[in-house]
Amino acid sequence: MTDKVLVPAQLHPDGKRYLRDHGFDVVELLRANAENILKNGKDAAGMILFVDPIGEPVISQMPNLKIIARHGVGYDSVDLDASARHGVWVTTTPNANAVTVAETTLAEIMDVSKKLTKDSIEMRSGNFGYSLSHLGFELEGKTLGILGYGRIGRLVAKKASGLGMQILIHNRTPKESPYGEFVDLDTLMEKSDVLTLHLAANPQTRHIIGRKQLSEMKRSSVLINLGRGALVNTDALIDALKSGSIAGAALDVFDEEPLPMDSELFKLDNVLLTPHIGSSTVESFSRMATDAASEVVRVLNGEQPQWPVNQPK
């Protein structure tokens, strides 16, 4: 009997093709929520997931499941303990999207510093004088703070090194870098003109940016988050943006996704909001889909995965 693999319908065709070429039955889900998973693939042996959460209530009802392959590097949406208890591997695609996320980070920094999106919106409404009264700022000579120095953080530092900015870095484990200086968290908050977040979400990093940290930032500074929504205390950030204790923010990730339309963030004109597009390029989506699919194939063929984040019991 052919093993069934559940995948998001939006998965790049290269990933679906890889699975079919290796003899698996690919079942596409328009939305990989609990109801759809159990309705269409209770007997599935593997699945690829975007950011939809999955835990004990679903995993416990899937007796054939052997692997949950995350499409990306974050895995906070998957219950690792429940997966391990039921003998299910959880994997990520750590090499697939770092370049794109780093480039998108720089794009959002450029956008916020020059007010590109807001200027475009105002121009379309006929307000051609908006840009004259809402000036951006130069990046050269400013300080870029990077919180988290994994693959993406390192690429951001490398790519930003040609902008004439001083680069400061904070990481749990200091590493050598030709691009910047490692400092403690308080120094990073106090000195950064632009602060960009590139940490994984876990109990230790949850709300690592809270009221205290935001109060330490310059009033002229901006916060960029393409990491995870849980890294920032959203209520504290909204208060800081409303009060002007920081100048602005660019947010691509949120505690709840999609961001609810009644969120206070939509009412603020000093925040750039994007719908989790950090890795959204043709090249990145192809690599993530293929890497996730290759992990599924590997595990269902009885081999060890390359990029596990748990250890089945």
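1. Strand β10 (residues 222-225) and strand β11 run parallel and are joined by 4 bridges, where two strands count as paired if DSSP finds at least two bridges between them. Within this pairing, I224 stands opposite A250 in β11. The strands and helices named here are DSSP runs, numbered from the N terminus, with at least two residues (E) for a strand and at least four (H or I) for a helix. In general, strands of a sheet pair through backbone hydrogen bonds, either parallel or antiparallel.

2. Please keep in mind that this is a predicted model, in which local features need pLDDT of at least 70 and side-chain atom pairs count only at pLDDT 80 or more, while totals for chains, interfaces and linings use all residues. Residues are numbered from 1 along each chain as its sequence is written, and side-chain values use heavy atoms, with hydrogens and water left out.

3. Strand β11 (residues 248-251) is covered on both faces, since G248 and A250 on one side and A249 and L251 on the other are all buried; buried means under 20% relative accessible area, exposed means over 50%, and partly exposed lies in between, for a 1.4 Å probe and protein chains only. On to the next strand, β11 is joined by 3 bridges to strand β12 (residues 271-273), and these two run parallel. The bridge partner of A250 in β12 is L272.

4. Which strands belong to the open sheet, and in what order? There are 7 strands, in the order β8-β7-β6-β9-β10-β11-β12, with parallel pairing. Strands β8 (181-182) and β12 stand at the edges with a single partner strand each, so one side of each is left without a neighbour in the sheet. Elsewhere in this order, strand β6 (residues 143-147) pairs with β9 in the parallel sense over 4 bridges, and L147 stands opposite L197 in β9.

5. Most residues other than glycine have a negative phi, and most peptide bonds are trans. A cis peptide bond, with omega about 0°, joins E257 and P258, and P258 lies in the loop between β11 and β12. K115 has a positive phi near 55°; this residue sits in the loop between α5 (98-114) and α6 (116-124) and is partly exposed at 29% relative accessibility. H207, which is not a glycine either, has a positive phi of about 55°, and its place is the loop between β9 (194-197) and α10 (211-216).

6. Leaving aside residues up to four places away in sequence, H12 touches V282, F285, S286 and A289, where contact means heavy atoms within 4.5 Å. S294, in helix α12 (residues 282-300), is buried at 9% relative accessibility and touches Y18 and W307, again not counting residues up to four places away in sequence.
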